[in-house]
Amino acid sequence: MKAEESKGNWDEQKDKLKQKFAALTDNDMLFKEGTKEELITKLQQKLGKTKEELLKIIEGL
């Protein structure tokens with residue numbers, strides 16, 4: 001997948017996550033290439049979800 005496609009896909013998922021979880025801010029959702037694990041960990045802490053739960057939620061968007 002090209003970087004532009006990946007970025008566009010993340011933008012869509014990010015918006016859906018923010019709609020689902022009002023506590024998330026734009027700052028929580030910052031994603032840089034190569035920092036996926038850091039982002040997942042931050043979201044886990046913010047939402048009180050396990051990594052598996054969080055990945056399942058994102059996959060279902």
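Thanks, everyone. Before anything else, this is a predicted model. The chain has 3 helices and 0 strands, and along the sequence the pattern reads α-α-α. There are 61 residues in the protein chain, and 23% of them count as buried. The accessible surface is about 4600 Å², with 48% of that belonging to carbon and sulfur atoms. On contacts, take the pairs at least 6 apart in sequence: 25% of those contacts join residues at least 24 apart.

I'll start with helix H1, which covers residues 3–20. Is Gln13 buried or exposed? Its relative accessibility is 19%, and the cut-off for buried is under 20%, so Gln13 counts as buried. What does Gln13 touch, once neighbours within four places in sequence are set aside? The answer is Ile58 and Leu61.

Now helix H2, residues 36–47. A quick check on its geometry: with 12 residues at 1.5 Å a residue, H2 should span 16 Å. The C-alpha atoms at its ends are 16 Å apart, so the model agrees with the expectation. Which residues of H2 are buried? They are Leu39, Ile40, Leu43 and Leu47. Looking down the axis of H2, the buried residues fall within an arc of 100°, and therefore they line one face of the helix. Glu38 and Gln45, on the other side of H2, are exposed. Just after H2 comes Gly48, which takes a positive phi of about 70°.

Next, the salt bridges. The count comes to 4, and I'll go through some of them.

One is between Lys18 and Asp26, where the closest N and O atoms are 2.1 Å apart. Lys18 is partly exposed, at a relative accessible area of 24%.

Another joins Lys46 to Asp28, with 3.1 Å between the closest N and O atoms. Why do I say this pair ties parts of the chain together? Lys46 sits in helix H2 and Asp28 in the loop between H1 and H2, so the bridge connects parts that are 18 residues apart in sequence. Asp28 has a relative accessible area of 11% and is buried, whereas Lys46 has 40% and is partly exposed.

Then there is Glu37 with Lys51, the closest N and O atoms being 2.9 Å apart. Where do these two residues lie? Glu37 is in helix H2 and Lys51 is in helix H3, which covers residues 51–59. They are 14 residues apart, and the pair links distant parts of the chain. Here both partners get the label partly exposed: Glu37 has a relative accessible area of 45%, and Lys51 comes in at 28%.

To put H2 back together before I stop: one face of this helix is lined by its buried residues, with Leu39 and Leu43 among them. The helix also holds Lys46, which pairs with Asp28 in the loop between H1 and H2, and Glu37, which pairs with Lys51 in H3.

Conventions
Residues numbered from 1 in each chain as written. Predicted model: local features only at pLDDT ≥ 70, side-chain atom pairs only at ≥ 80, totals over all residues. Heavy atoms only, no water. Helix = DSSP H or I, 4+ residues; strand = E, 2+ residues; numbered from the N terminus. Buried < 20%, exposed > 50% of the residue type's maximum accessible area, 1.4 Å probe, protein only. Contact = heavy atoms within 4.5 Å. Expected span 1.5 Å × (residues − 1). Arc of directions from axis to C-beta. Salt bridge = Lys/Arg side-chain N within 4 Å of Asp/Glu carboxyl O. Areas by Shrake-Rupley, 256 points an atom, 1.4 Å probe, with all protein chains shown as cover.
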